[in-house]
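Colleague: Can you walk me through this model? I'd like to start with the charged side chains.

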Amino acid sequence: MFEKIAAGDATAWKDPAVTEANTRLQELAKAAAFGDNASSVAYDQGASTALLYTGKAGMELMGTWEYANLVKAAPDFVKNDLGYVAFPAVSGGAGDPKAIVGNPSCCPRRRSRCRSR
């Protein structure tokens with residue numbers, strides 16, 4: 001499924017597997033698995049980055065500045081496992097998703113490294 005999403009197939013976001021994964025995430029959130037607020041995992045201490053490269057987080061919503069942190073903290077992860085995916089468009093939304101810094105479609109050098117875990 002990740003490959004389809006990463007390739008820009010918008011229909012993949014509607015796949016039952018994605019719905020099931022999001023349902024499980026909601027269950028985890030209701031069970032307080034993510035802490036009690038948005039600041040539960042401190043970015044400035046490298047905690048969110050560590051969760052990603054140690055395999056404890058499946059993805060991290062982050063900007064392009066995070067790449068340098070990952071290269072420094074986990075170069076093998078960056079070389080072998082790091083992937084990118086465009087955030088899904090919102091129906092009726094405004095703006096051009098390709099104009100967002102960090103979007104793989106804006107950065108051909110990074111897009112060529114897009115791979116699934």
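Modeller: A salt bridge here is a side-chain nitrogen of Lys or Arg within 4 Å of a carboxyl oxygen of Asp or Glu. This is a predicted model, where local features need pLDDT of at least 70, side-chain atom pairs count only at pLDDT 80 or more, and totals for chains, interfaces and linings use all residues. Residues are numbered from 1 along each chain as its sequence is written, and side-chain values use heavy atoms, with hydrogens and water left out.

Colleague: How many salt bridges does the structure hold?

Modeller: There are 2. Arg24 pairs with Glu20 at 2.6 Å, N to O, and Glu27 pairs with Arg24 at 3.0 Å between the closest N and O atoms.

Colleague: Why are Arg24 and Glu20 about one helical turn apart?

Modeller: Because they are 4 residues apart in helix α2. Helices are DSSP runs of H or I with at least four residues, strands are E runs of at least two, and both are numbered from the N terminus. Glu27 and Arg24 are 3 residues apart in helix α2, so that pair is also separated by about one helical turn.

Colleague: Change of topic. What makes up the largest nonpolar core?

Modeller: It has 7 residues: Leu52, Leu70, Ala74, Phe77, Val78, Leu82 and Tyr84. A nonpolar core is a set of buried Ala, Val, Leu, Ile, Met, Phe, Trp, Tyr and Cys residues joined through side-chain atoms within 4.5 Å.

Colleague: And what is Leu70 in contact with?

Modeller: Leaving aside neighbours within four places in sequence, the contacts of Leu70 include Thr49, Leu52, Tyr53 and Phe77. Contact means heavy atoms within 4.5 Å.

Colleague: Where is Ser48, and is Ser48 buried or exposed?

Modeller: Ser48 is in helix α3 and is buried, with a relative accessible area of 16%. Beyond four places in sequence, Ser48 is in contact with Val41, Ala42, Tyr43 and Glu60.

Colleague: How many helices and strands does the chain have?

Modeller: The chain has 6 helices and 0 strands. Buried residues make up 15% of its 117 residues.

How values were computed. Buried means under 20% relative accessible area, exposed over 50%, partly exposed in between (1.4 Å probe, protein chains only).
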